[in-house]
Protein chains: 4
Amino acid sequence: MEPLTTFADSSLSEIRRDLHRHAEAGWKEFRTSALLAAELESLGYEVFLGEETVDPDSRMGVPPSDEVAAARERAREEGAPEEYLERMDDVTGVIATRTFGDGPTIGLRTDIDALERQEAMDDDHRPATEGFASVHPGEMHACGHDAHAAIGLGVARAFAEGGFDGTLKLFFQSAEEGGRGGKPMAESGHLDDVDHLLAVHVGLDEPVGTVVSSYDGPLSNAKLDVAFSGAPAHAGGQPHAGRNALQAATAAIGNLYGIARHGDGATRINVGRVNADNAQNVICEEATMRVEVRGETHDLNEYMLGRAREIVDGAATMHDVTYETSLYGKTTTFENDDAVVGVVEAAANATDSVESVITKEFGGSEDASYLIRRVQERGGTATYLGVGGSNPDGHHTAYFDVDEACIDLGLDVITDAVRRLAES
Amino acid sequence: MEPLTTFADSSLSEIRRDLHRHAEAGWKEFRTSALLAAELESLGYEVFLGEETVDPDSRMGVPPSDEVAAARERAREEGAPEEYLERMDDVTGVIATRTFGDGPTIGLRTDIDALERQEAMDDDHRPATEGFASVHPGEMHACGHDAHAAIGLGVARAFAEGGFDGTLKLFFQSAEEGGRGGKPMAESGHLDDVDHLLAVHVGLDEPVGTVVSSYDGPLSNAKLDVAFSGAPAHAGGQPHAGRNALQAATAAIGNLYGIARHGDGATRINVGRVNADNAQNVICEEATMRVEVRGETHDLNEYMLGRAREIVDGAATMHDVTYETSLYGKTTTFENDDAVVGVVEAAANATDSVESVITKEFGGSEDASYLIRRVQERGGTATYLGVGGSNPDGHHTAYFDVDEACIDLGLDVITDAVRRLAES
Amino acid sequence: MEPLTTFADSSLSEIRRDLHRHAEAGWKEFRTSALLAAELESLGYEVFLGEETVDPDSRMGVPPSDEVAAARERAREEGAPEEYLERMDDVTGVIATRTFGDGPTIGLRTDIDALERQEAMDDDHRPATEGFASVHPGEMHACGHDAHAAIGLGVARAFAEGGFDGTLKLFFQSAEEGGRGGKPMAESGHLDDVDHLLAVHVGLDEPVGTVVSSYDGPLSNAKLDVAFSGAPAHAGGQPHAGRNALQAATAAIGNLYGIARHGDGATRINVGRVNADNAQNVICEEATMRVEVRGETHDLNEYMLGRAREIVDGAATMHDVTYETSLYGKTTTFENDDAVVGVVEAAANATDSVESVITKEFGGSEDASYLIRRVQERGGTATYLGVGGSNPDGHHTAYFDVDEACIDLGLDVITDAVRRLAES
Amino acid sequence: MEPLTTFADSSLSEIRRDLHRHAEAGWKEFRTSALLAAELESLGYEVFLGEETVDPDSRMGVPPSDEVAAARERAREEGAPEEYLERMDDVTGVIATRTFGDGPTIGLRTDIDALERQEAMDDDHRPATEGFASVHPGEMHACGHDAHAAIGLGVARAFAEGGFDGTLKLFFQSAEEGGRGGKPMAESGHLDDVDHLLAVHVGLDEPVGTVVSSYDGPLSNAKLDVAFSGAPAHAGGQPHAGRNALQAATAAIGNLYGIARHGDGATRINVGRVNADNAQNVICEEATMRVEVRGETHDLNEYMLGRAREIVDGAATMHDVTYETSLYGKTTTFENDDAVVGVVEAAANATDSVESVITKEFGGSEDASYLIRRVQERGGTATYLGVGGSNPDGHHTAYFDVDEACIDLGLDVITDAVRRLAES
């Protein structure tokens, strides 16, 4: 199976499999963005690319520049059209817009990044047996964003053939995993004139045929990378001369877990990664960790993040080391608008292949939250909807996959919902 | 046994027993100071009292003012002459000086405070069986400073009867226990013209008849009181609203013990006392602790003290609480001068009742260190000498006592040494 | 105002004031129990006293035996009838029962203990100005249990004059504060035949005239006392020879606050008290602390308690010290039965002096939970009801008081409810 | 420069460079051992190989078996004679012995392993400019063991041409770095009949021409690898269901640094490496760390190691995780025997190229300590001697090198010392 060099002649399923096979993790989606942009322009859409799609200063969790450059070069080798790579410079993501009538502006947000994890390669995994498992070690579409991109493109195609009374804006967002790309796209300004926004997710441990009209109640979340820097010293001869970054990290971690519970609702704290490597007989000079906090509300999450920062600061003071922090990612909470939820329900009920329409609670976090809030803050309405994908294993696992029937079903529901919203 | 109201008619042993019976802990030695001052003036000495004997700003570990006031009132009730109490105001300690000739100024430092501990009251303890155990619950002369005061007064009496070619300065120092009174007396200026200083200790687990001409090698030591102050909150309803002083103290303690060992020599750290009391269902608002550091040298002690302060500061930052620190006490190291040691040896060898002259290593700390260093810094010389006391149990224990024969022996050696120093 | 030596000739308000004046903290209610028992027997009730009212092995948070003995002696001196003191031995509490007819057994639980806190003695506090403030330093009826006892006695008097078709059981429970007395009374067996149980509380920051028919949703709670025992050693000379109880306590506390939040609901952790006192230059031999955990449900509380025990155990292993734990108190959750709540509402609505009938959420914990659950487990029903007391300051504060009008109002509602329950 | 396939035709300098170029880290010295064994057998020595040279159960810090297998395969590819690889199986190291006369048995210990570090490859480094820098990425002879092996082989050659009155035993020890190979070789039994043992080190920041007759006073040292294993759980949804290996490691580290200082002498503690990697939103399942302790004496080191084990055990209990520990390496202290030191001095003084004979203090640790102690325990004598190497940069750095003149100088001194010891 050769990499596609254009999406023009391929079905949505074929495109989904091509994207799955060339999975690109967050802020590395050069090939995905370039091929999508080329096809969208050929369909008559105005296309914004890369830095045009985000507030650059708000980007979080961007990989080191050499890794980004390597991903860009890989995209070139795997068929990404050069013209679009150049227009992107070193930032990924696409926004496409086309006006069909005077009616409202309807947005659709589909995220496009893969996860940083290895895909299963054995016979229990359909992408492996059918030849479209990721050819990129350590990168895998394990959360269905390949199908999201295909749905987004499908919607573009559908309206290119026959529009509606209004303007369509398609948001192909980078770096959803970790909550890194939502906030910068929300702050790009492109959402500000959107009257109604739909965001979509496939899978959800629901069968194909089930539509979730309102996927509710995500936790607010923030991930804080911390790097402590001290001074090395021989642990035998001069232990006092070191400034021990590991002791600082240890003091921080012990106290981070002890942040007081909050009387107003649920909070969470976790330290997922710690690394301190040095010659074994040297006082530790560098120690890094990733802290993750959550809150049932935005304020609760801010409480946790604020307390975490105080603790990191105190730990550094204790052990006379310096530190740097950077937000790896951040999401917030949102509430879907009943009116839009109702429209999605109506659209789903009107779609033949839909068997069941439900609402469902989120277990995790989503950075579409920032896009939804941006629209709502400016008077618009939104819902985060789901499309069952009959996924054989859980999201983020090595065996995640979706039944591609969910792509056409999602496409049908969304196009119908867009028309209804334009008429509402 | 009635409390003495004057020392004029009593022997040194009787005076020692009177002081033992009315033991006064550090910065509470009002009766001791007043009776000594009265007697010293009657012997022709110029007397400095209370604030005149110290740099007031350097006093450490001073008890709460109500306790000091109560001790002063108690002294009045137990026969301390009112005139001297008034001259002292609320600070204890006596310095007495008299010039007998043109020769050098010789100083003698004797400390006068008792310990804060309960004395044994049973038949195994001679002060109990012979009726001079402390009548003050929780205060006891368990380190022989009652005998030191008697020796100091004996030296004053001896030279009042027949002086030497020089000036005598007697330092009756308060609050040696904990290392609280030495530094402020050193910084009073009274030491600055002392040519030769003798400091004396009795007991030392040596028999009467043994003289220690050089008691060597004390550890440097500092005691830091820390009080963390946060904010209370109901632990069930509003845990996040508290600022937890106990968590700060806990973070501090855990990291204090982890201060890096020093490549240049032995250091020590201990947290001897922690108290956090509050209603059981409230986030802890106040927590206090006493930190003790030591070092083989003055610099090693300063390293420990500096690191301890950083850790306390960081712990407070971590938990968003405030804190106050105060030095409860501090001692330093010193080295005795060979010349003075030699003079003491000669004096001891010339004293009939002396059977053995040795040198000995300190196990602990002494704030005479500051007086000795002050004299040496200005070109003088000094030694810290010991007089065996046949103490039946260890210093600081409930059964500590000395054979009063050590008083006269110490007196003889010291007066002889003073004369030799004046002539040297 | 002389202490009463019998309740026979006094009004409920007078009795409440006598109890307030002679406040007895948990497991020390000897005078309260003896005077109540005497009056209840004279009213024709069968009375159970002391050990007969509890499962002795389940008692928690019992003070040291010398304190209990002193409280018993104090009760004697303050007029408690000797006969009843003897029958009680060293355990407090009263259960009184009388059968008036063949109908159901109706229970009423009123707790009788004071808090360990000092009462305000100034002119802003009515008990002080009117002469019935507690004469026992550090003990105060700051939660209205004096009024509870009066209401219970009032109910006994009311039915002694004219019963109902059933059996009345009155539970005058000791040591509710801290959750120490509920579980042992529940496990005494006396609850097992109760068909309907009422528990009552006054005050609740509601005005007199308001009845709370269902006081709901207490947190489950446990208080764990922990004592670590190590070995002392001189912190300068032999630090390695100590086994440091304070380091163990510190390790425990730091990690207790870090017990993982629970996905199923709210949990709480607090360490309210820590004490480690020793000579300042000695490695700490003893350290004690009181840990308090809570859970939104019984299981969540058990999760916290179990994790706390593991952490204490590990901390002791870490620092090679031993430890002992004892439950100072424990409460659980309960749900009031709608049927009984409805009866109380009906009775309240039928009572002239009642102006408002509401339900209210608990903020804290209650060991009536164990009595309520015991009754429910055996097929009975229950409610925890409240009677507004116009308390001028919050429960547990030094200025807590109630308007005694709440006593008669509570009495009226409860007697009516008992009759309705007997007929239901 | 082709890899040698036999040492028969090469000079010691050539052999040293060949070994340097094919540096093999601890327990991977297959090529080194095989080539040495072949040459030693051809010189008439009886050769013990691999498992014959150690007590297999005492080996520490052995790499994973796949890494060992890969090193063995690499050795084959780089010219190690197959016959000797087979005789070694999967353990490295060589002992060679030959009896020349009836006199005493003289041992020489030379270690043969490289370090796990990258060698400098730039023009400032002679091995790079002259083409003998290590061709194995991440492995480098940065401590001169290549020269040690050459000296050992040179001694074998020298006596093969003309023996002495006694037996020669040559110990080519594996895995000295980290202190992993000394103890198992000591416990092989091969040392038990050695009358006099010499161990040799080159470099030492001394110029060629300087001989250190007694390299003294190493610290006792132990390295403990610890792996905590818990259970993962989603940090948002089920934090309570995890068993947090990182919290255990954190609790351990915080308390490890707090191990009490020892009154008998200097101790050290360091945690050099910590790794806990998992998906960022998952409670940490695995955490590993390397703990290093030291003591001025063997007993002080054992104290630290024992306390470290208790703390690790308690930390695991605290957080309900399991753990495994393994000693990565261990060294002890030793004292050189004056008689042997004197012989080395005499030999050095008799050697023309020697300009200076000194003694020197160790800064670090050495597992020759176990071999020296083994010999001494059985009545033999030993010294650890040094040969200046004019090393341009410090031991263990990327630019370490030695002037090969030290090989012949060392050879001369050692052969002379062996003859003198045989005659003594």
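Author: Two strands pair if DSSP finds at least two bridges between them. Please keep in mind throughout that this is a predicted model. With that in hand, C:V226 stands opposite C:T325 in β10(C).

Reader: How many bridges join β7(C) to strand β10 of chain C?

Author: There are nine bridges between β7(C) and strand β10 (residues 322-331) of chain C, and the two strands run antiparallel.

Reader: And how many join β7(C) to strand β9 of chain C?

Author: β7(C) is joined to strand β9 (residues 286-295) of chain C by 10 bridges, and this pair is antiparallel. Within that pairing, C:D225 stands opposite C:R290 of β9(C).

Reader: Why is strand β7 of chain C said to be largely enclosed by the rest of the structure?

Author: The strand covers residues 220-229 of chain C, and seven of its 10 residues are buried, so β7 is largely enclosed by the rest of the structure. As a cut-off, a residue is buried if 20 or more other C-beta atoms lie within 10 Å of its own.

Reader: Staying in chain C, which residues of α1(C) are buried?

Author: They are C:L12, C:I15, C:R16, C:R17, C:D18, C:L19, C:H20 and C:R21. Helix α1 spans residues 12-21 of chain C, and with eight of its 10 residues buried it is mostly covered.

Reader: What do the buried residues of α1(C) pack against?

Author: They pack against four helices of chain C: α2 (30-42), α5 (126-129), α6 (145-161) and α12 (405-423).

Reader: Let us turn to chain A. How is chain A divided into domains?

Author: Domain 1 is made of residues 12-218 together with 337-423, and domain 2 is made of residues 220-331. Taken over C-alpha atoms, the centres of these two domains of chain A are separated by 34 Å. Their contact takes 12 residues from domain 1 of chain A and seven residues from domain 2 of chain A. On the domain 1 side, the residues that touch domain 2 comprise two nonpolar, six polar and four charged.

Reader: Where does UniProt place the "binding site" feature in chain A?

Author: According to the UniProt record, an unreviewed entry, the feature "binding site" is at A:C143, A:H145, A:E177, A:H201 and A:H396. These positions are spread over 254 residues of sequence, yet they cluster in space, the largest C-alpha distance being 13.5 Å.

Reader: Take A:E177 from that list. Is A:E177 buried or exposed?

Author: A:E177 is buried, because 23 other C-beta atoms lie within 10 Å. A:E177 sits in the loop between β4 (167-173) and α7 (182-186) of chain A. Leaving out residues up to four places away in sequence, A:E177 touches A:G26, A:D113, A:L115 and A:C143. A:C143 is itself one of the positions in the UniProt "binding site" feature.

Reader: And where is the place of A:H201?

Author: A:H201 belongs to strand β5 (residues 196-203) of chain A. A:H201 is buried, with 25 other C-beta atoms within 10 Å. Apart from neighbours within four places in sequence, A:H201 is in contact with A:G144, A:Y215 and A:G386.

Reader: Now the contact between chains A and B. How many residues does it take from each chain?

Author: The contact takes 23 residues from chain A and 23 residues from chain B. On the side of chain A that touches chain B, α8 (245-256) and α9 (298-318) of chain A each supply at least two residues. α9(A) gives the most to that side, with eight residues. By class, the side of chain A that touches chain B has seven nonpolar, 12 polar and four charged residues.

Reader: Why do the copies meet through the same surface?

Author: Of the interface residues of chain A, 100% are also interface residues in chain B, so the copies meet through the same surface.

Reader: What rotation superposes chain A on chain B?

Author: A rotation of 179°, with 0.2 Å of shift along its axis, superposes chain A on chain B with an RMSD of 0.2 Å. The two copies are therefore related as by a two-fold rotation axis. In chain A, the C-alpha nearest the axis belongs to A:G314, at 2.1 Å from it.

Reader: Finally, chain D. Which residues does D:V344 touch?

Author: Not counting residues up to four places away in sequence, D:V344 touches D:S213, D:T383, D:L385 and D:A417. D:V344 and D:A417 are 73 residues apart in sequence, while their C-alpha atoms are 5.6 Å apart in space. D:V344 lies in helix α10 (residues 338-349) of chain D, and D:V344 counts as buried because there are 27 C-beta neighbours inside 10 Å.

Key:
Residues numbered from 1 in each chain as written. Chains lettered and ligands numbered in written order. Predicted model: local features only at pLDDT ≥ 70, side-chain atom pairs only at ≥ 80, totals over all residues. Buried ≥ 20, exposed ≤ 12 C-beta atoms within 10 Å, placed from the backbone. Contact = placed C-beta atoms within 7 Å. Nonpolar A, V, L, I, M, F, W, Y, C, P; charged D, E, K, R; others polar. Domains from an automatic or database assignment. UniProt positions renumbered as here; feature names shortened; annotations may be inferred. Least-squares fit on C-alpha atoms with pLDDT ≥ 70 in both.
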